[in-house]
Amino acid sequence: MHDLNTVPRLSVVVPVKNEALNILPLVEEIERACAPLSPFEVIYVDDGSTDDTANQVLAARATRPWLRLVRHEVSCGQSAAVRTGVHAARAPIIATLDGDGQNDPAFIPQMAAVLEDTTVGLVAGQRVGRKGAAKRWQSRIANGVRGRVLKDGTRDTGCGLKVFRRDVYLRLPYFDALHRFMPALVKREGFSVAHADVVDRPRHAGQSNYGLFDRLWVGILDLVGVWWLIRRRRRVPVAQEVL
């Protein structure tokens with residue numbers, strides 16, 4: 001049972017763009033996977049879809065009071081959609097996953113359990129068994145360059161399956177492609193980053209909507225900017241009012 005007045009333990013944020021055929025299969029998987037974490041909520045962020053995505057979410061919501069829909073009037077990108085969902089979320093713990101079905105929500109409970117250690121700010125999924133030589137090659141280059149520059153200790157920052165503390169995320173500077181730099185920026189805030197190997201699956205239906213540039217070349221300026229932010233980080237004083 002889900003009482004809408006009860007604060008959920010977990011908010012699952014799913015950014016989607018033109019994924020109408022993938023909505024119901026993934027909603028059903030999330031429902032099964034997150035049952036042990038009840039009460040939970042699932043927030044679909046429709047990033048300016050031009051197909052039947054929104055109607056499919058609304059149809060699924062008819063029997064699922066924990067399912068929510070937020071819509072962007074126009075497409076603003078994956079990072080913007082994640083940010084919208086996190087701001088709308090009511091739970092202290094957030095899980096994100098891609099809306100195409102390639103991320104298996106079955107891994108969410110074990111990833112969320114890692115956050116019982118309050119020093120951990122992010123549990124990042126690390127894809128194994130990726131399909132397609134081109135995707136593996138693209139990711140290897142992008143992650144290799146990023147890892148050498150930022151030294152974030154993360155093999156695969158492009159995986160959409162992440163579980164993190166909402167308050168930590170809201171401390172991070174916002175910019176396009178933020179989701180690809182989260183490990184480095186979470187460490188910048190003084191939290192540790194844990195990793196979990198997750199299975200990469202073929203998408204249920206349709207085709208990718210965020211393009212090669214978004215998947216691979218996140219931008220030299222973004223990389224340099226994050227490097228600068230890390231170098232400019234100074235110790236944050238612990239302050240208490242004296243009564």
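Angles under 35 degrees between two axes count as roughly parallel, over 145 as roughly antiparallel, 65 to 115 as roughly perpendicular, and the rest as oblique. The legends below describe close-up views of a predicted model.

**View A. Packing of helices α1 and α2.** The axes of α1 and α2 (residues 53–61) lie 9 Å apart and form an angle of about 40 degrees; the two helices are therefore oblique to each other. Their crossing is right-handed. On the α1 side the contact is made by Ile23, Leu24 and Val27, which meet Thr53, Gln56, Val57 and Ala60 of α2. By class, this contact of α1 with α2 comprises five nonpolar and two polar residues, with no charged residues.

View B. Serine 38 is joined to proline 39 by a cis peptide bond, with omega near 5 degrees. Proline 39 is placed in the loop between α1 (23–34) and β2 (40–47). Most peptide bonds, by contrast, are trans.

**View C. Positive phi at asparagine 18.** Asparagine 18 belongs to the loop between β1 (10–16) and α1. Its phi is near 55 degrees, a positive value in a residue other than glycine. Most residues other than glycine have a negative phi. With a relative accessible area of 24%, asparagine 18 is partly exposed.

View D. The loop between α5 (133–150) and β6 (162–165) contains threonine 157. This residue counts as buried, because its relative accessibility is 4% and the cut-off for buried is under 20%. A polar atom of the threonine 157 side chain lies 3.0 Å from the backbone oxygen of arginine 180.

Key. Residues numbered from 1 in each chain as written. Predicted model: local features only at pLDDT ≥ 70, side-chain atom pairs only at ≥ 80, totals over all residues. Heavy atoms only, no water. Helix = DSSP H or I, 4+ residues; strand = E, 2+ residues; numbered from the N terminus. Buried < 20%, exposed > 50% of the residue type's maximum accessible area, 1.4 Å probe, protein only. Polar contact = N/O pair within 3.5 Å; in protein donor to acceptor, adjacent residues only side chain to side chain. Axes fitted to C-alpha atoms, helices over the stretch in contact; angles between N-to-C directions. Left-handed = near helix turned anticlockwise from the far one by under 90°. Contact = heavy atoms within 4.5 Å. Nonpolar A, V, L, I, M, F, W, Y, C, P; charged D, E, K, R; others polar.
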